[in-house]
Amino acid sequence: MSLNLIKIIEKSLDRQVAATGLGLFRICIGLVITLEVAFLFYFRHLIFDLTPFLDRASTCIHLILIGWMIIAVCLTIGYKTRISALLNYILWVVFVVFTTMWEDFDGGFDQLIIGTSLMLIFVPSERAFSIDNLSLRLRTFKPDQDWQPERTVPVFCYHLIVFFSLALLYLDSLIHKLFAEHWLNGMGAWLPSSMPYYISALDVSWLLNQKVLMQCTGHLILIFQLVFPFVFFRRWARIPLLVIGTCFHLGITLLLNIYPFGLAMLAHYLLLVPFAWWRCVGNHLSASTPRLTVYFDGECPLCCRTVAIIQHFSLGYPIEFKSLQNHSGSQPLFHKFKQSVLLKDLYAVDHNKQLYSGLDTYIKILHAMGYLKPAALLLSIPGIYHISKAVYRRIADNRTRQPCTEICLSKPKPVRAQIIPDVFTNSGPGTRQKARKLYKVIVIVLVLQLNVTIVHGLIHRIPNSIDQTAFGQILLPVSGTLALFSHSLLGITPHALYLHDHFEGFNHILAFTYLNDNGQEQWVPYVNEQGRMLAPHWGRVHSMWANIGFTARIIPWRMNKAIRRISAYWCHNLGFELIDCRFTVKMKKIISPTDWVYDLRQKNLSGSWKTIGFINWNNNELTIDLPDIEQL
């Protein structure tokens, strides 16, 4: 079997495909990471302060978050891609391991991104839609011999990320779901979408009230997660998996409060888009005839590099570039100009044979590129136009013009040794050796995943299993150490989310109110009158409250810790001081059945609240006056 797997890996390494999907995946996952780091910065006091605005975290964390956002942007645009991916991975591991993100704000998203970030260090995602590719092109650009950087990657790069981030996740999640009664009843998608803490503002009661549809959806998810790991690399399976998986994760994104996880999973499905689809999109965007012809000084390094940059960011090549040295004589519009005059500007001729020069040429170029029309309109505004024209004239008249000889353009600049080796280049005689090494890596990852899945998904869930035996007393500590390593550094973790042990007995929710300056009772804009958690408290903030702090089986110290964080945070945001601040605690009964109940979402949202206690801050000291909620 190992030989067959090595042959499959070798074949995947030899098969070269367009890097389009991989580049788009890098852009989308980079945007998700950027948004999540911005989210961390926005909630930095809630997440990183021991007590928000009272026992503050170091300001270094705030500066590091700003630097992290810059790194995420660099990863998104493909600037120093491998180094950006490495720094992003290191920061994610450090923040998860050494801050409260793991203990108090863990919702599964961090582990997904850690694994994906690790793979982005090694896969050549910079070969499409990147500044790195543009930099490579600028080193060797010549007007008549336009060299293009490599734009293909082994198909194994696609398969590796899908296997690591999707296939293993689905397999582990499936094992846990098989022990959940509401999932076996087909209600796995229906129940979380009917619980107030977990739902978004989008009302889909009409959909949730279709019992047969909900049952089919729940069972289809189980079948999908069972089949996916074994067929995702087959060509015939790509479109069905793409359609079904996209629908499922789009539903998660729209219906539940875990938007970052849903968006990150959707980004991964770009890797399943058939390569022929990208070619069709490219052919559709390509202009049959150029919308604009631009003439430039082919012996000016600045002009040549400008042309390379414009071509790099053009979609469908709507602009044709010609060197004035070779083509100006054949164009009647240029007969009235001397060669010395022509070389001072950039010229453009549109389909109406109208001639433009200087800044007007750039405005026409922006128009022709389509998606940059707003920039063209901005430059055309009186005032901005005249200032821009003066700046352009200053640059154009003072540029250094010399022939683009072999020394200035043709000879590539020395390429520095890569900090991160590229293991996916130069397929050929060494491919079998690479396949063997990658096979060993995959086996190690599988062992680590099976360790987590078997121990947490089976042994801990089966009564009277080996965890009570002498062998289990030796096995489980070793397994726990391996799980700690894989969780922290590889993102391999149990995906036991929204199961029966989470919802069973989840029959009450809490909210908070306060008295405004007029003595009127107001709801703290955290949980509203319906019981929904309000934006932007999604993702890890939602997880801190609904999955860790306040669950079906309340652990008092965890609940008190969550109440301490939320109350101190909202005291400050509402303009109160912790010297004297008081919140009223409201409770509402809900139901979380394992079988379908008609209109459960509306029933849980429309219940009545009652006052059960108070939260008091007095001289920076917190007093929580609450009864035993589980007995109410």
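How many cavities of 30 Å³ or more does the structure hold? It holds four. The model is predicted, with local features needing pLDDT of at least 70 and side-chain atom pairs counting only at pLDDT 80 or more, while totals for chains, interfaces and linings use all residues. Residues are numbered from 1 along each chain as its sequence is written, and side-chain values use heavy atoms, without hydrogens and water.

**View 1. The largest cavity, with about 110 Å³ of space.** A cavity is a set of points on a 1 Å grid over the protein atoms alone where a 1.4 Å probe fits but cannot get out, and lining residues have an atom within 4 Å of a point. Volume is the space filled by probe spheres set on the points, which are joined across faces, edges and corners.

**View 2. The lining of the largest cavity, made up of 13 residues.** Phe 164, Ser 165, Leu 169, Gly 491 and His 495 lie nearest the centre. Two or more lining residues come from each of α7 (109–120) and α9 (155–177); helices are DSSP runs (H or I, at least four residues) numbered from the N terminus. The lining has six nonpolar, seven polar and no charged residues (nonpolar: Ala, Val, Leu, Ile, Met, Phe, Trp, Tyr, Cys and Pro; charged: Asp, Glu, Lys and Arg; polar: the others, Gly among them).

**View 3. The second largest cavity, with a volume of about 80 Å³.** Its lining includes Glu 103, Asp 104, Met 544, Trp 557 and Arg 565. At least two lining residues come from each of α26 (540–549) and α27 (556–573), and α27 gives the largest share, five residues. By class, four residues of this lining are nonpolar, one is polar and five are charged.

Key
1 Å grid on protein atoms, 1.4 Å probe; cavity = no way out; pocket = protein on both sides within 12 Å on 5 of 7 lines; lining within 4 Å.
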